[in-house]
Amino acid sequence: MRLLWAKFGTTIILSVTYCALTTPRISSVSKIFPVLMLYRLWEEGTVASLDDPLERYASSFAINNPLGMASAPTQQSLMDGLEEAGPAPRPSPVTLQRMASQLSGLPRRLRSTSLLWRGSTQEALSLLKDDVLVAEPGTRCHYSTLAFSLLAHVLAAHTARGDYQRWLSEHVLEPLGMADTGFDLTPPVRARLAAGFYGSGRPAPLYDLGWYRPSGRMYSTAADLAKLAAALLGGGPRRLLRPDAARTLLAPLLACPGGAYFARETGTPWEFHAQRGYRVARKDGDLDGYAATFSLVPPLRLGLVLLRLVLLLAGPRPSGADLVRAAGPAGELRLRQFGPRAEALVPPAFRTLALRHVRGRVFQLHVAREFPCALPLGDGARLSLEAQHGQLVRFYPLDRHGLSPGFDVPGLNTYRVLRLLREPVLPAAPSPGTQGADTAG
């Protein structure tokens, strides 16, 4: 490890890494750059307002909002309700600034896709027409990799060259002298690339994130990211934004109360934490074998860049029983958790979650009693299961046998290995006052 101090006028950047010029992948720290694109295009007038709806720049964008619809008739069977038209959704309040600040309500990823998906933006917009918002936009902190990638690709289509990576090189990387930052792992880059490993000792693969590249594909060095930090704090030789735009960029937008998110507040694209009486704007990233932290403390004109290797532990899916089954009162499914983290932290009686039917293939997580554990997130922060009460779970379309290939869960990855038992029958809700105690474990 090497400690590097860099001073730009009155701005101090502290970088901790293997070596100032070693090149690791920075994963979700890449999300800073679509936000810089948004703010620059706003300054230039290409974007009229940060509060513009996404439809203004992607006319075909549409997504269902089950939490904003009138109540649909109760379905006796999940299969019965797959094709119903239902009430028309309200106009989407998905704005550019909300997309850049984890407030859009968009799912974490496009349904049935992984980070390696290589589709087009038009294909992404088509998939969203059959998807749902997982939170009411602007009201809840919810992590979405999809939002940042979609923001980058849509905005790039309104630039002269129509290419996100080229725009970023010409307007951010080259002006700041960030010569060791980019997307493509060419042979010279690979020669200096730090190697990440799994806990088994096997090298982590160098994934190409495909369409999701803007959200996590980039590599960089501590020295390059120090230049970016100095520019954002107004202490370097080049500024990226005017002072008023920079202040807006570094301001929090919404508090995330009660452990419902892994930060106290969210902004564009920051997660805000309180440390020693200061508000710290921070962006973290994790990708197989790599982890990165980029932090700014504007009142102190202080930046911190931390790049490191990580060991990943993973476990197989349990064999035997299905992980999702129909059970419980009033149209309820139960979802079984598994994996090393769940097995280490969650008592057996609490490894099954209750899902209440909302409409169609949409369910809502229901936590009926205190959960005796919390997920450690680092720096002393912990996330309780109760905080996820009310989150949506959206199953993928069932086939003619009543099987679903998987589902999306807000705040988690997209899974494609779980299935429903044949056509789960959801009983009608009981009359008020007749429902028994909730037995969900």
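1. The lining of the second largest pocket comprises 12 nonpolar, 1 polar and 5 charged residues. In this scheme Ala, Val, Leu, Ile, Met, Phe, Trp, Tyr, Cys and Pro are nonpolar, Asp, Glu, Lys and Arg are charged, and the others, Gly among them, are polar.

2. The model is predicted: local features need pLDDT of at least 70, side-chain atom pairs count only at pLDDT 80 or more, and totals for chains, interfaces and linings use all residues. Residues are numbered from 1 along each chain as its sequence is written, and side-chain values use heavy atoms, with hydrogens and water left out.

3. The volume of the second largest pocket is about 340 Å³. Of its 18 lining residues, Leu 232, Leu 233, Ala 246, Arg 247 and Leu 250 are the closest to the centre. A pocket here is an open set of points on a 1 Å grid over the protein atoms alone, where a 1.4 Å probe fits, with protein on both sides within 12 Å along at least five of seven lines; lining residues have an atom within 4 Å of a point. Points are joined across faces, edges and corners, and the volume is the space filled by probe spheres set on them.

4. Helix H8 (222-232), helix H9 (243-249) and strand S7 (278-287) each supply at least two lining residues of this pocket. H9 gives the most, with 3 residues. Helices (H or I, at least four residues) and strands (E, at least two) are DSSP runs, numbered from the N terminus.

5. Confidence should be read by region. The mean pLDDT (the predictor's confidence in each residue, from 0 to 100) of the chain is 76, and 65% of its residues reach 70 or more.

6. The model has 5 aromatic pairs. Rings of Phe, Tyr and Trp (its six-membered ring) pair if their centres lie within 6.5 Å; planes under 30 degrees apart are stacked, over 60 edge-to-face, and the rest tilted. Tyr 39 and Trp 42 are an edge-to-face pair, 5.8 Å centre to centre with 90° between the planes. These two residues are 3 apart in helix H1, so about one helical turn separates them. Tyr 39 is buried at 0% relative accessible area, whereas Trp 42 is partly exposed at 27%. Buried means under 20%, exposed over 50%, and partly exposed in between (1.4 Å probe, protein chains only).

7. Tyr 164 and Phe 183 form an edge-to-face pair, at 6.0 Å and 75°. This pair links distant parts of the chain: Tyr 164 is in helix H5 (residues 164-176) and Phe 183, 19 residues apart from it, is in the loop between H5 and helix H6 (187-192). Both residues, Tyr 164 and Phe 183, are buried. Separately, Trp 117, Trp 211 and Tyr 212 make up one aromatic cluster.

8. Most residues other than glycine have a negative phi, and most peptide bonds are trans. The peptide bond from Thr 268 to Pro 269 is cis, with omega near -5°; Pro 269 sits in the loop between strand S5 (265-267) and strand S6 (271-275).

9. Ser 27 has a positive phi, near 45°, in the loop between strand S2 (11-17) and H1. Ser 27 is buried, at 2% relative accessibility. Gln 102 has a positive phi near 60° and lies in the loop between helix H2 (96-99) and helix H3 (121-128). With 1% relative accessibility, Gln 102 is buried.
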